[in-house]
Amino acid sequence: MYEEKSIEEVTGQFHTDPEQGLSWAEAVTRLSADGKNELEGERKKSVPETFLEQLNDPLICVLLVAAFVSFLLKEYSDTVIIGVVIVLNASVGVIQEGKAQKALDSLKKLTSPEAHVRRGGEIRKIAAAELAPGDIVLLEAGMQVPADLRLVKTWNLKIEESALTGESLPVEKDAEFLAAGELQIGERKNEAFMSTMVAGGRGEGIVIARGMQTEIGKIASIIKTVPKEFTPLQRKLAELGKFLSIVSVLLCVLLFGIAVLQKRDILEMLITAISLAVAAVPEGLPAVVTIVLAMSVSRMVKVNTIVRKLPSVETLGAVNVVCSDKTGTLTQNKMPVTRCYVNEQVIPISTSNIREQAEIPELFLQGFALCNDAVIPESGRAVGDPTEIALAVMSSNCGVRKAQTEARYPRVSEQAFDSARKMMTTVHQCRGLIAFTKGAPDVVLKRCTKIYLGGRIQPLGDLKRRRIQAALEEMSSQALRVLALAMKEGTGDSEALLKERDLVFLGLAGMKDPIRPEARDAVEKFSKASVRTIMITGDHADTAFAIAKELGIARKPDQCLTGAELDNLSDHNLRVRLKETSVFARVSPEHKVRIVKLLKECGNIVAMTGDGVNDAPSLRTADIGISMGMSGTDVAKNASDMILTDDNFATIEKAIEEGRSIFQNIKKTVLFLLSSNFGEIITMFTAVLLGLAAPLKASHILWINLITDSLPALALGVDENDKEALMREPPRSAKEGMFANGGLACTVFYGLLIAAISLTAFLKIPWDVLAESGKAFNLSNIAAVLQNEAALARAQTYAFTVLGMSQLFHALGMRDVRTSVFSGKRTFNPVLAAAFVLGVLLQMAVTEIPYLVGMFGTAVLGWQEWAVLLILAAFPVLAHEVFVLTGNGEEG
């Protein structure tokens with residue numbers, strides 16, 4: 001709106017004087033009325049809040065209920081064990097979120113700590129937060145704009161707005177510009193925006209918007225309105241938790257019905273029902289999943305990735321579309337010179353000493369070093385327009401240093417660049433005077449009548465002009481930004497040289513924001529992994545397409561859409577175009593959000609990368625937002641799920657590998673735990689249904705679920721997968737559940753097998769007793785034998801031992817259901833080996849250590865008994881080998 005108002009209208013509206021500024025008293029009054037110039041940050045959660053958030057999980061809720069009922073029934077050991085699991089799970093989550101926040105805080109920088117203002121006629125430096133509406137702010141090269149300003153004075157002012165608009169080149173500002181109507185941010189030449197950087201020149205402006213009212217503030221508001229969404233893993237585990245909750249309730253109701261029909265003791269059946277409910281819930285699953293994710297996060301740190309939210313790593317494994325910003329993400333956000341045209345030849349330029357590649361005239365190098373306002377210190381960061389910095393660096397690489405050259409040929413006069421002339425001219429003291437003019441090639445060429453060739457000045461005829469034009473077209477076709485350089489010598493009168501006539505053409509310099517070398521390889525690997533890369537940028541369409549073509553993202557120009565074309569497409573038509581479009585250019589933050597939303601609505605799992613403020617809303621909207629740690633703005637980092645500390649696009653490919661591997665491991669873990677728990681349920685339910693005593697006590701089930709199950713489950717969670725093979729497969733569907741691709745069959749089969757061998761072990765004692773006495777092996781006789789406490793204790797010990805040990809053997813096969821346990825293709829998993837040995841020792845401890853024997857109500861076993869039970873327990877791994885040999889291994 002302010003781009004349409006004149007300077008007088010704006011100063012009148014804010015009751016301020018550009019020459020004097022606000023008085024200190026007026027500034028304090030306005031500041032107290034309107035508040036500080038700050039963006040509203042996200043409120044940091046307290047440790048208790050974070051802890052409670054970790055408990056917001058269906059599986060945890062089931063465990064809480066089980067713990068509460070166990071407490072009411074005075075099963076205190078069960079209550080304590082369940083409580084330990086719940087606290088462990090929540091604590092791991094709290095610790096990881098705390099680590100991520102600390103890492104983020106270490107990256108955080110102050111956006112704009114200070115501002116130069118004119119108040120009461122004096123220029124002072126104040127905290128940017130203390131700026132009041134109507135303040136007059138002074139801008140110089142290297143400064144960050146502290147608020148949104150309506151410019152009132154400009155002197156060759158250029159502002160780098162890529163963080164806000166995605167445009168890689170600085171925007172030339174003009175205080176006198178007036179818009180005919182409302183314009184997009186990148187076209188408002190008379191305004192400067194908070195957080196952007198002054199690339200060159202000077203300016204003054206009135207503060208027209210602060211804090212959340214600025215353009216950045218509006219983006220921050222968009223971010224806040226984006227609802228928090230669950231990751232695919234969280235959704236699958238939530239569905240699983242609900243399913244298990246329903247199963248637990250149904251089992252309890254069913255058992256009560258059976259108890260009434262069989263006229264059993266109600267209290268005894270209540271305890272049995274609780275045992276069965278506990279058996280239905282894999283207590284270790286939340287903790288194992290959290291620990292697996294936390295350990296993967298530690299591995300990600302080693303590859304320069306900070307994970308802010310644990311489930312984000314797994315989400316990457318399901319990503320099938322990566323939307324990336326161009327500037328600073330796929331490209332380096334620099335403008336080095338890559339081509340020169342001198343002496344009628346195009347010369348490629350590298351970062352090494354370009355003098356070795358071809359003989360470049362010294363006049364050409366001196367001209368670009370002198371007709372240049374960039375500041376190039378001997379050490380430290382260069383300040384100025386990236387284009388001018390690139391030209392000065394090119395000259396410096398050839399031995400023509402800017403500072404030394406300026407000392408030899410001091411500037412005596414100049415005509416600054418402006419958008420109407422599209423040229424800049426500086427006059428320098430030499431033997432006489434020499435003027436250098438640089439600018440748009442078509443404009444400069446019109447002013448040239450001669451050309452510098454082979455060290456001599458020659459007439460610029462039509463043939464030579466055509467050669468220059470051909471070179472210009474060749475360089476432009478490569479998406480280079482081309483500048484022409486010319487000169488003119490004179491004596492005494494600098495004003496005559498500033499007229500920019502009868503110039504001598506020296507040559508052309510072409511530059512472009514180079515792609516990151518690793519980005520091309522990453523895009524190719526994404527393609528092989530069936531992951532599509534889409535470029536979304538605020539830059540011009542031709543530049544965006546040229547970069548996309550170089551990266552292998554797009555092949556044809558019709559794969560590119562602009563923001564203006566997007567506005568003319570309905571959501572339905574855009575969904576159709578999304579199937580073929582790989583480049584979106586000249587887009588706004590709102591466009592980016594719309595693109596990401598529609599991609600998600602089409603069933604894609606979308607990752608969005610970016611570093612600018614303009615990327616923040618789409619980072620939050622995407623399934624997973626990935627920001628850059630070095631070049632990224634604080635707003636982008638806060639909106640993201642992951643931060644790349646090295647700004648390396650290729651790191652995302654490593655993260656996707658890790659994500660796919662993690663999902664494989666979590667799926668293996670879930671199927672292993674559920675098949676084990678299913679075996680427990682069938683074992684318990686079958687015995688009760690037959691009117692027999694319970695084969696397992698509640699403490700037995702908890703011991704198996706929390707100790708014998710959890711250790712191998714954790715080992716499966718950190719298993720080493722063949723990541724190259726995983727990256728040759730397409731990403732899994734967003735709708736794919738844990739039981740997809742044979743997972744349900746695997747769970748049911750191994751659950752039934754474990755139940756069968758556990759019941760066999762349980763019935764071995766009645767079998768032996770009845771065989772010795774010569775009585776028939778039937779239900780009534782079995783029930784009679786089991787009424788004896790000693791016989792029941794030994795039978796339960798058999799079932800307990802086989803159930804626990806069988807799950808250890810089962811874990812060996814679950815590493816890869818399609819490969820033999822003895823195959824040389826498998827990498828050694830030391831964690832699983834340790835878990836197996838420790839599990840065996842722990843299982844032996846509850847039958848051999850007197851204190852534990854008394855606590856669990858087990859019987860001491862002899863070595864012969866152990867040998868028989870071990871053979872029974874090994875059946876899952878034997879079944880696994882049979883399946884592999886017959887080629888029927890199910891997908892796990």
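**A helix pair and a cavity**

Helix α30 (residues 743–773) packs against helix α35 (residues 863–873) at an angle of about 155 degrees, and their axes lie 9 Å apart. Helices here are DSSP runs of H or I with at least four residues, strands are runs of E with at least two, and both are numbered from the N terminus. Axes are lines fitted to C-alpha atoms, for helices over the stretch in contact, and angles run from 0 to 180 degrees between N-to-C directions. Because angles over 145 degrees count as roughly antiparallel, α30 and α35 are roughly antiparallel to each other.

This is a predicted model: local features need pLDDT of at least 70, side-chain atom pairs count only at pLDDT 80 or more, and totals for chains, interfaces and linings use all residues. Residues are numbered from 1 along each chain as its sequence is written, and side-chain values use heavy atoms, with hydrogens and water left out.

Which residues of α30 and α35 meet? On the α30 side they are Ile-757, Thr-760, Ala-761 and Lys-764, and on the α35 side Val-868, Leu-869, Leu-872 and Ala-873 (contact means heavy atoms within 4.5 Å). By class, this contact has six nonpolar, one polar and one charged residues.

The elements that give two or more residues to its lining are β10 (337–342), β15 (448–453) and β18 (503–511).

Conventions: Angles under 35 degrees count as roughly parallel, over 145 as roughly antiparallel, 65 to 115 as roughly perpendicular and the rest as oblique. Ala, Val, Leu, Ile, Met, Phe, Trp, Tyr, Cys and Pro count as nonpolar, Asp, Glu, Lys and Arg as charged, and the others, Gly among them, as polar.
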